[in-house]
Structure formats: C-alpha cells, structure tokens
Amino acid sequence: MFITTDRAGMVAKSEAQATGALPPADVDPLTGVVARQAFLNRLETRLHSEATPRFSLLLVGIDDFRAFNDMHGHMEGDAILQQVARRLRDAVVGRVGGDEFAVLLTSISDPTLVRHVSAAILSMLSAPHELNGRRHHVLASLGACVMPTGGDTTSDVLAAASLALARAKHDGGRTIRFFKPQMRTDVMTRLSLVQALREAYAQRQFELLYQPQVDLRDGRVLGAEALMRWRHPTLGLLAPAAFIDALAASSVAADVGMWLLHTACAQARAWSLTFPDAPRVAINLFAAQLSESRLLTEVRHVLRALELPPDRLEIEITETIALQQGDEVSGQLQALRRDGVTLTCDDFGTGYASLSFLKSFPVDRLKIDQSFIRNVTQDSVDAAIVRSVINVGQSLRIGVVAEGVENNAQREFLLANGCIEAQGYLYGRPMSADLLTEHLRRQPR
Ligand code: C2E
Ligand code: CA
Ligand code: CA
C-alpha cells in the first residue's frame, strides 16, 4: 500500500505494494493499508534521506466519524474505514489514527501540486459509499504539511499535518488546510502565549541553533548565525515563526535577548579556543534590546568577561528595526562597531529603508534576504535586485552575504556576480553547536 509519486504527481505503486509483500505486522488488520508504526518508519526514512527534505505529508480525516459510529454502530463504521482505505489504495500509505489516513507524496513539495493531489483525494472520497444496500455520504478533511516547514522529526511532521487537519475540520470540514508554523501556538491566546514565553525563559526552554555561513568558493565556514528555537514540553520543538512576534512584543524580549547574547558569545569563545580560524557568531537583536541604554555596556561586559575578541561577534539588525531607533541607539551600535563588532543589515531590501539609510546608519555588511535568492535564477527582477545589492556593497566596500542558498545554480549566480559569502540549506540547516563543531573539525585547515 505504500506508494511513491514522481515529480509530476503521478502515483506509482512501490515494489512492496506491487508484489503484496508487506510483512503482516506492517499491515493494518482492518483496512489492509500500512499500519501506523510501519508508516512512521517510512516517514522517518524519507525525512533523513536528504539534507533538505522536499516532500509532503497529507493527513486525511473523516468528518464526524464518531457521530457516524454512534448512529450506525461500529461494524458499519469499520466497513466505512475499509471502503475509504480501498479508495485511497492507489495513493494511500498508512492508517495512522482511528479515522485518519496518511499519504506520503515522496517527491512533491510544490504547494500548488500538493493542493491538486489533495483536492483529487477529497473528491474521490466524496462519492457515496454503498453498504448493505444503503448509501452513506462520508466527508473528509485534509491537512497537508509541505516540507521542510514541518520540522526535523517524524513526530513533528506528523503533528504538523495533524494541526493542519484539525484546522480543516474546525473550519467546517470537507476542506484542505496547509500547515503553518504559527498553528503550533494558535491554540494559545495571545495572553497565555506571553505567559508561556515567560515560563519558557524561566524554565530554560529556549535553545540556540547555529547555521553556517560559508565562503562560496571553497565551502569553508566563516561564521554562524545563532537562531532560536523553543523546546516546548508538549508542542515539541518550535521554530521562531510560531512565537517570535509575540516574544519580540513582550516584556520578556529584553531578557531573552541578553540570554541569547551571553549564550552565543560563550559558544563563539568555545570555538575560538578550539579552532584557530573559528567562525564569527551572528546574533539577531530584538527592538526591545535596542531601546535599552544598557546594550552597549552589556555587550562590552560580555565580551570582556568571556575574553572574546569583538570581531568574533556579529550583530544583525533589520533596516526596519534600525529605522525605528533614535540617535542614541545608533550611537551605541556605532560605538560597538568601533570596538570591532561586525554590524550587519539583515533582510536588506525588504524594509522601507532607502539607500540613504546606509549613510546615516553605516554597517559592515549587507545580508540579502532569502526572498530575493529563492528564484534568483529564474526571475529577472530578483536577479536585478540581487545584482544591485552586490554592487552597492562593492561600491561602499562592505561585505555582502546571501541568505537562503539551496542549490548550485544559486551559488553559481552569486559567484558570477561577485558575492562570495552565503548561508543556506545547501551548506547546512540550523544545527546544534555540537554538530557544527563536528563540521568544523572535519574542515581542512
Ligand atoms: P532571519 O534572521 O532572516 O533568519 C534566517 C532564516 O532563514 C532562519 O529561519 C533560517 O533557518 C532560514 N534559512 C536559512 N537558510 C535557508 C534556506 O536555504 N532555505 C530556507 N527555506 N530557509 C533558510 P528561522 O531559524 O526559522 O528564523 C526565522 C526568523 O526568526 C529569523 O529570520 C529572525 O528574524 C527570527 N529569529 C530567529 N532567531 C532569533 C533570535 O535569536 N533573536 C531574534 N531577535 N530573532 C530571531
Ligand atoms: Ca538574521
Ligand atoms: Ca531573512
């Protein structure tokens, strides 16, 4: 019952399905499709088969199945499940819950295509089911998780599809919803989210991952950006999209920001003790940290206490946040620059800043946002924007780093146009400090 799909979305039966060779323990006894654990094993294999997993997981749930069972009895309910499984047979993968089936589109991660396949599945299921001479209309909803947004573990990906399915049902059923990271925290109201964030800080549930920034010519790691995650006790590992806006607007932001500064600098110090060419560590600032007059003294204090050379620290600040600040703040940042800290304009080109911004707010580097890199090799407007940011950097004699480089075509475009530093899944996803240390160890001196 395990199926694979090719890029065009065509369904192709796997060998196991073609030969009917599934081990009995892998088969759901009621419906004959792949059983939950066997399905999860396959999901796990797919999840770890490439650096950036590009696939989708669809979760199909029958609407009001409990009511159906109550009204018609469990025998009839089971028969419906068998019929649903039979209809999905060409596409199905596993029965992962009482009334939930999961479909793994092993190589489709284009949302438009995923929507087409999902709509086809729901329409196939909507034809009436004949049971003992009676017709039943069984309606279903579908939650889709398009990778890599779902997370790094099988349970995160399944939970993501499940949240999307819950949303589809909540929105009235018979519909399709795509997983979005905010769905993980949508269950909380704004107020309880802020309370949970405060709790998370006190309980040390925040973690930093590090994503390498490399020299595009030889792949050597030059720096690492510290990116935050929230290891929530019940919701799992949460990406910033699920909580960062609420955090940034809350009173905890300044404290979390300071913790982040300490943690990232301590890591930079550890690397500088181990590696002669240790990476510089970049942190992202919250607006709340900037409005504190203690930013300058705090950063200086941390650098001194850790004996970390200032040039091992990079501060990323978006033009939007920088523009909101008064002269006093930019004075603090410029003082840090004079100390040797690298100041980088993050997401350059996405905010409201004009080029004259760079005059009143000098920086050491410009970071080209991933939204411009994504289609840089197909979209001539994106290509023109990226080229002009590189030119601005060259004219001002400041560095330019590209974000979101996922493939060789993008790498070649950047190199051909004079950008030699980048960050992106092609070189590594955000990873634990230990993993990055391993990576640095293997790097030729
Ligand atoms: P950002 O500063 O623009 O960070 C880059 C984001 O792009 C990261 O997402 C990173 O994982 C992602 N990314 C990097 N390379 C690729 C790629 O090749 N493909 C794709 N699709 N994505 C790529 P992440 O970690 O989810 O962070 C999202 C945003 O959350 C960050 O955007 C930043 O604005 C905010 N954030 C994360 N950590 C912190 C933090 O510690 N402090 C503050 N103030 N903001 C943070
Ligand atoms: Ca950043
Ligand atoms: Ca960005």
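The following conversation concerns a predicted model of a protein with two calcium ions and a further ligand.

Q: What kind of model is this, and which thresholds apply?
A: This is a predicted model in which local features need pLDDT of at least 70 and side-chain atom pairs count only at pLDDT 80 or more, while totals for chains, interfaces and linings use all residues. Residues are numbered from 1 along each chain as its sequence is written, chains are lettered from A and ligands numbered from 1 in the order in which they are written, and side-chain values use heavy atoms, with hydrogens and water left out.

Q: How many helices and strands does the protein have?
A: The protein has 19 helices and 18 strands. Helices (H or I, at least four residues) and strands (E, at least two) are DSSP runs, numbered from the N terminus.

Q: What does the C-alpha trace span, and what percentage of the residues is buried?
A: The C-alpha trace spans about 85 × 45 × 40 Å along its principal axes. Of the 445 residues, 52% are buried. Buried means under 20% relative accessible area, exposed over 50%, and partly exposed in between (1.4 Å probe, protein chains only).

Q: Turning to the metals, which residues are the protein donors of the calcium ion (ligand 2)?
A: The protein donors are E225 (OE), N284 (OD1), E316 (OE) and D346 (OD), at 2.1 to 2.3 Å from the ion. Donors are N, O and S atoms within 2.8 Å of the metal (3.2 Å for Na, K and Ca); water is not among the atoms, so sites may look incomplete.

Q: What spacing do those donors follow along the chain?
A: The donors of ligand 2 have the spacing E-x58-N-x31-E-x29-D. E316 belongs to strand β14 (residues 313–318) and D346 to strand β15, so this pair ties together parts that are 30 residues apart in sequence.

Q: Are E316 and D346 buried or exposed?
A: E316 is buried, with a relative accessible area of 2%, and D346 is buried as well, at 7%.

Q: And which protein donors does the calcium ion (ligand 3) have?
A: Ligand 3 has D347 (OD), D369 (OD) and E403 (OE) as its protein donors, lying 2.1 to 2.4 Å from the ion. Their spacing along the chain is D-x21-D-x33-E. Because D347 lies in strand β15 (residues 342–348) and E403 in strand β17 (residues 399–403), the pair ties together parts that are 56 residues apart in sequence.

Q: Where do D347 and E403 stand on accessibility?
A: D347 counts as partly exposed at 23% relative accessibility, whereas E403 is buried, with a relative accessible area of 10%.

Q: How many Å apart are the two calcium ions?
A: The calcium ion (ligand 3) and the calcium ion (ligand 2) are 5.5 Å apart.

Q: Now ligand 1: how many residues surround it, and which are the closest?
A: Ligand 1 is surrounded by 21 residues, of which M228, R229, Q370, E406 and Y425 are the closest. A residue is near a molecule or strand if one of its heavy atoms lies within 4 Å of it.

Q: What is the composition of that shell: nonpolar, polar, charged?
A: The shell around ligand 1 divides into 10 nonpolar, 5 polar and 6 charged residues. Here Ala, Val, Leu, Ile, Met, Phe, Trp, Tyr, Cys and Pro count as nonpolar, Asp, Glu, Lys and Arg as charged, and the others, Gly among them, as polar.

Q: Which side chains have an N or O atom beside an oxygen atom of ligand 1?
A: The side chain of Q370 has an N or O atom 2.5 Å from an oxygen atom of ligand 1, and for the side chain of N284 the distance is 3.3 Å. A polar backbone atom of Y425 is 2.8 Å from an oxygen atom of the ligand. The protein covers 83% of the 800 Å² of accessible area that ligand 1 has on its own; such areas come from the Shrake-Rupley method with a 1.4 Å probe, and for residues only the protein chains shown count as cover.

Q: Changing topic, which residues of helix α3 are buried?
A: In α3 (residues 65–72), F65, F68 and N69 are buried. They cover an arc of only 100° around the axis, which puts them on the same side of α3; the arc is that of the directions from the helix axis to the C-beta atoms. The face turned away from this buried side carries the exposed residues R66, D70 and M71.

Terms used:
Polar contact = N/O pair within 3.5 Å; in protein donor to acceptor, adjacent residues only side chain to side chain.
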